[in-house]
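Please open the model in your viewer and keep a selection panel at hand. The tour below moves from stop to stop, saying at each one what to select and what is there.

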Amino acid sequence: MNETREKKDMSEKRNNSENSEEDEEEKQLKLESLRKAGEIAQEVKKFIKPEIKIGVKALDIVSATEKKISELGGVCAFPVNLSINNIAAHYTSPFRDDGLTIKDNDLVKIDLGVHIEGYIVDTAFSVNFNKEENLENIITATDTALQAAKMMVKPGTNTKNIGKKIEGIVKGFNYIPIKELGGHQIERWRVHGTKSLPELGSQGGDEIEVGDVFAIEIFASTGSGSVHDTNSCHIYALNPYTGRVPLRRKSSKQILGFINKNYKTLPFAERWLGKEFQMGVAFGLQELVQQGKIRRHYVLSEEKEAYVAQSEETILVTEDGYEQLT
Ligand code: CO
């Protein structure tokens, strides 16, 4: 009964001309913000790609990338991920530098997000320093699957069919897509929206509609095609489904206020908090996790410690296809 009532309210709203003007304004803001975020992401990729070299520290790459995003007028939609070899995703430099350095034979993935007013683009690429024969085509595999997937994007397409296509291409290169990862819809202030755009034909099943924003994201591995959480975590995000909770520590309350104000529900790095709160970051985060107020994004490793490559672009669905944003 409530649902019916809500639906009626919504249709009344649509018939109201003042509201449709507002809708038009919102649409304009969305388009302009997404395009600007996309241009920034493109420029940042061009800037950082040549800096990814053997002997360079991960922290230097991550910091330079994040700095460039803000210099160009964007905001990081999540901490820059720099994931090496079997690490598939969610590594960012920790609060205290762990000294991680790019080595000979590394397969490096950079995943970055830019937002303007909460309108997010998400993009990633891989750089391979490993000459092993079985890695020869791994980036070509993810890039080719990404291109093919993109060509299928138009209103009415089911994401399941795109997943099937991606799976076919990645497997055609003798790699395995990762079942727990893949593309996703992006909504305002939400990196992972409701709809998914998987990389397996057995998953997905959402219909693509005009105005949808999607990150088409491909992961190929030399392993079994599955990832698991490691026990390290340097990225967190607010849990929007948890209400008020009692917090004992002063630092927890301060950190929570800071997160609400600056990141909302977007993922953030413990390293970012380290700049604001010298002391108490670790304990503060721990209490917030225990109370269910924030969630951990653990570093993800391929199950068999095998190699993983990644390619990702963000597109906006148009009447007759898509507009590439990144
Ligand atoms: Co993504």
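Donors are here N, O and S atoms within 2.8 Å of the metal (3.2 Å for Na, K and Ca), and water is not among the atoms, so sites may look incomplete. This is a predicted model, in which local features need pLDDT of at least 70 and side-chain atom pairs count only at pLDDT 80 or more, while totals for chains, interfaces and linings use all residues. Residues are numbered from 1 along each chain as its sequence is written, and side-chain values use heavy atoms, with hydrogens and water left out.

**The metal site.** Select the cobalt ion together with Asp122 (OD), His184 (NE2), Glu217 (OE) and Glu312 (OE), which coordinate the ion at 2.1 to 2.5 Å. In sequence, these donor residues follow the spacing D-x61-H-x32-E-x94-E. Colour Asp122 in strand β4 (residues 119-128) and Glu217 in strand β8 (residues 213-221), a pair that links distant parts of the chain, 95 residues apart; strands are DSSP runs of E with at least two residues, helices are runs of H or I with at least four, and both are numbered from the N terminus. Asp122 and Glu217 are both buried, where buried means under 20% relative accessible area, exposed over 50% and partly exposed in between, with a 1.4 Å probe and protein chains only.

**Two helix pairs.** Show next helix α4 (residues 138-151) and helix α5 (residues 159-172), whose axes come within 9 Å and cross at roughly 155°; axes are lines fitted to C-alpha atoms, for helices over the stretch in contact, and angles run from 0 to 180 degrees between N-to-C directions. That angle makes α4 roughly antiparallel to α5, on a scale where under 35 degrees is roughly parallel, over 145 roughly antiparallel, 65 to 115 roughly perpendicular and the rest oblique. Ala141, Thr144, Ala145, Ala148 and Ala149 in α4 meet Ile162, Lys165, Ile166, Ile169 and Val170 in α5, contact being heavy atoms within 4.5 Å.

Move on to helix α6 (residues 250-262) and helix α8 (residues 281-290), where the axes come within 8 Å and cross at roughly 80°. These two helices, α6 and α8, are therefore roughly perpendicular to each other.

**Two loop residues.** Finish at Glu305, in the loop between β11 (294-302) and β12 (308-318), which has a positive phi of about 60° although it is not a glycine. Glu305 is exposed, with a relative accessible area of 54%.
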